[in-house]
Amino acid sequence: MKTLLQKLVKENIHLTLNEGELSVKIPKTGVDPAIINEIKTRKLDLIEYLSNLTDPNKAEIPVLTKQENYPLSLNQKRIWNLCKLEKGSVAHNIPGSVIIEIIDKDRFLQALDAVIDRHEILRTVFKINELGEVRQYVLPREDIRFKIDYFDFRKEENKEERLKTIIDTDAFVPFDLENGPLFRAFLFRIKGDKHLLYYNMHSIAFDGESIEIFTRDAMAFSEALKINEVPDLQELNIQYKEFANWQIKRLEKNELKEYKEYWLDHLSGNLSILDMPNQKERPRVKTFSGRLLGTNITVETSEKLKDFVNEKGGNLFMGIMASWKVFLNKCTSEEDLILGTPALGRDHPDLENQIGPYINTIAVRNQLDPNENFLSFYNKVKDTVSKSYAFQMYPYEKIVEDLKLNKDESRNPIFDIVLLLQREEQMLGEFPLTGNESGTIIEGGIGKKYVNTVVAKYDMEIDFRELGGCLWFNINYNTDLYEKDTIVNFMNSYKNLLNQMLDDYMKPIINLPNIDILTPEQI
């Protein structure tokens, strides 16, 4: 049993018991199917073990007595400080959209009010108190000036153009952190009962998982109101303010000592700086000017990568991470490679179904030996990813503080490039491509039909997803550092290198073809 549990921790798989039933939560990055089969085989043993287990780290998060204001989490403090930079607040807007079927508009608006009542973070604002500290204040529902704008576009001739104009304008509007609300929404009736719900949320109150929870809860309340019933939603034991206080107290009591030691060891010594070819002169103070491009990896190459990770163990994200690090080595000759990646940050039962900025960012560091082959390097990355996710609850902001790094206002601490893989496979939908084309570049990226990303928090953020059976990826890049042609060149060069690595993964990396990064004038 101990060996199996160690394996589950390493793979960042979380088990919980709900009224005697085993619940399994796997990471966004996916897991080796063999591990899932082992869990199924030993299900009864795991239930018995968990029934007798008392884990101090899983103790209930204490509920706070009512106060005038509450402390911020470390993530919220970092976002608050970044919002003081030029365009920093807009950089933390999270605009998006979802297609929903609504018969009764008024009932849906009633459902949104119910979600605001359920989640305190939707009624929270941020102010500096008399001691000069920024604190979060939970407001009564009647003090939140939330409203939703409604548009009936069923007979609109220039529907797509008007949608784009309204959404693009709103994406640039900053939020008032001191008065709120920290989310906005527009509801567009497109055709029949088909609606587009556009939302814009600030990351000091939301993360990606929160948006899914917000939409799910809204639909649950809407369906329940239809039959005058209460939705079957799990009761929330705590609110975000309790998490923020719990996080601070655990750090003060040194309860995360083991986590701290892992990160200090993992990120010890001099940290490398990745400067890609053809970068413009870096501004002295970090900027957020962004652009988004998307492209596909052919079905053939996508299948090669999936077959490789299935055969060698691990998951798709590990294969993507390893291949991008080889690409970065080929571009920069850097052998100490650090990439950031988001972690859910909800490694506690009380944090499920919660809206709030729980997401953490972890640094995945590997040393690449050019004389090793891709399989050898992949195995190292696989091990590092597993270990790093196991320690995901230690805040990124605290790691930065612990490392005592020299402040560089032109960069992010620790890493400037972030890599992620979306959890769910999506359908190709509005994109008519089959995935067999090569070199296709989509302005505005994949999965962003109505919302253009125009800000960049990092030098580059590389976002993978499965669409229509093949892999696609977006690169959100800082336009003050790169020209469009340079990023297009990166995309195509990576795809070519990936294909060659998979064709001969036993070939030493040094013998793989060098990357021919052309200057914009040569392209």
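Start at Trp-324. Setting aside neighbours within four places in sequence, Trp-324 is in contact with Leu-419, Ile-462, Phe-464, Phe-473, Ile-475 and Tyr-494. These contacts come from a predicted model.

Trp-324 belongs to the largest nonpolar core, which has 124 residues. Along with Phe-327 and Phe-464, Trp-324 is among those with the most contacts inside this core. Helix α11 spans residues 316-332 and gives the most to this core, with 11 residues.

Now turn to a sheet. Strands of a sheet pair through backbone hydrogen bonds, either parallel or antiparallel. Here four strands form an open sheet, and the pairing is mixed. Follow the order: β3-β8-β7-β6. The edge strands are β3 (93-101) and β6 (148-152), and each pairs on one side only. From one strand to the next, the twist averages 15°.

Strand β6 pairs with β7 (residues 183-191) in the parallel sense, over five bridges. Asp-152 stands opposite Arg-189 in β7.

Two helices lie across strands of this sheet. Helix α6 (residues 159-171) lies across β3, β6, β7 and β8 (194-202). Helix α6 runs at about 175° to β7. Helix α7 (residues 208-226) lies across β3, β7 and β8. Against β3, helix α7 runs at about 35°.

Terms used: Residues numbered from 1 in each chain as written. Predicted model: local features only at pLDDT ≥ 70, side-chain atom pairs only at ≥ 80, totals over all residues. Heavy atoms only, no water. Core = buried A, V, L, I, M, F, W, Y, C linked by side-chain atoms within 4.5 Å. Buried < 20%, exposed > 50% of the residue type's maximum accessible area, 1.4 Å probe, protein only. Contact = heavy atoms within 4.5 Å. Pairing = 2+ DSSP bridges. Axes fitted to C-alpha atoms, helices over the stretch in contact; angles between N-to-C directions.
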